[in-house]
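Student: Can we go through this one together? I'd like to take the strands, then a helix, then the pocket.

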Amino acid sequence: MKSLLSTLVVVFCTSIPALAEPLRLVDDLGRVVVLDRPATRVVSDYDIDLTIPLIELGIVPIASHGRIRGDGTPYLRSSKLLTGVDFDNSDIIFLGAAEIDLERVAALKPDLIVTEASRSTPVEKLEQLAPTLVINSDLGAPHVYTLLAAATGREPERFRLDSRYKAQIALLKAEVRTETHTVSVFQPLRGKLNVYRSYRAIGQVLRDAGFLFPRLMDEIPEGQSIVVSAERLQELDADVIFDPYRSDRKAGAKAEIEAMEKIIPGFCRFLAACREGRYILIPREEAISNSYAALSRMVATVQTAFGPRPD
């Protein structure tokens, strides 16, 4: 039996007429993608950065890339946390983890396939099955949603989500003098420190709010990351440090602290932020998503981190 949400989407889909003029979109590879009408039967080739935004826009994909748990069950990374929707409570068809099942996609007859620029399935194969929109999610949630909304006719929903986020950023800036505070985001990775110029949702919130960053982070090219040795830890010190930990694993935040201790025993004493209780461990499953839901959660996290505390 189809869920109520899926039924409503089907009703909405059948009411969309063909456009007087074809819809022409330019994707992030510079390709022109032509649609006769706003897409409703959408296949997503990336769960965290494309499926979640589609769901937030009100378009439940007919099928999606996903992940596989240890017990063999599929799931959409971060989706249940951020949207409440997953394979187990919707009609979204699981297409595979590493690469999606192209025969299954062909059988579904989608009117649009959306894929991320870094995905392994060749665009040339996807576009043989349906118009294919390639999106570079490293450019941030607003960019992702702009392209998806244009392709699906969900511009009012995109505007609502973006307006909410801008209002939240405005409130954050009203409560915190962001231009006077430094922030840093990094995480332990195989014995070294993984540092992004802007770490997904948490990074976008911090930069949109106007915080200052250590020089080491500002020197990283847009959309990229670097790995540095333990000797450079103090270059990453700031008023507040955010460390995204694997909240989907049993040990959680404790494992993150242990990983830092293995890199630099007693690491906390080398960071003023840590010594003063401003080393904030945040769930990576939320911080890593390029979605407005994740942005909202990160605004609240930052606001709390900089909020006043009673004496």
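Student: How many bridges join β11 to β12, and which way do the two run?

Tutor: This is a predicted model. In it, β11 and strand β12, residues 225-228, are joined by four bridges and run antiparallel.

Student: Which residue in β12 is the bridge partner of Y196?

Tutor: S225 is the partner of Y196 there.

Student: And how does β10 go with β11?

Tutor: Strand β10 covers residues 183-189 and β11 covers residues 192-196. They run antiparallel, with four bridges between them. L189 stands opposite K192 in β11.

Student: What about the turn, which residue there has a positive phi?

Tutor: R190, with phi near 45 degrees. The hairpin of β10 and β11 has two residues between the strands.

Student: Where do side chains point in a regular strand?

Tutor: They alternate between the two faces of the sheet.

Student: Next, the helix. Is α8 mostly covered or mostly exposed?

Tutor: Mostly covered: α8 spans residues 200-209, and eight of its 10 residues are buried.

Student: Which ones are buried?

Tutor: R200, A201, I202, G203, Q204, V205, L206 and A209.

Student: What follows α8?

Tutor: G210 does, and its phi is positive, near 90 degrees.

Student: Now the pocket. What volume does the largest one have?

Tutor: About 510 Å³. Its lining has 23 residues, and D138, Y196, S198, Y199 and R200 lie nearest the centre.

Student: Which element gives the largest share of that lining?

Tutor: α8, with four residues. β11 and α8 each supply at least two.

Student: How does the lining divide by residue type?

Tutor: Into five nonpolar, eight polar and 10 charged residues.

Student: Why does I264 count as buried?

Tutor: Because its relative accessible area is 9%, and buried means under 20%.

Student: What is I264 in contact with, leaving aside neighbours within four places in sequence?

Tutor: A230, L233 and F270.

Student: And what separates the C-alpha atoms of I264 and K192?

Tutor: A distance of 9.3 Å, for two residues that are 72 residues apart along the chain. K192 is the β11 residue that L189 stands opposite.

Terms used. Residues numbered from 1 in each chain as written. Predicted model: local features only at pLDDT ≥ 70, side-chain atom pairs only at ≥ 80, totals over all residues. Heavy atoms only, no water. Pairing = 2+ DSSP bridges. Buried < 20%, exposed > 50% of the residue type's maximum accessible area, 1.4 Å probe, protein only. Contact = heavy atoms within 4.5 Å. 1 Å grid on protein atoms, 1.4 Å probe; cavity = no way out; pocket = protein on both sides within 12 Å on 5 of 7 lines; lining within 4 Å. Points joined across faces, edges and corners; volume = space filled by probe spheres on them. Nonpolar A, V, L, I, M, F, W, Y, C, P; charged D, E, K, R; others polar.
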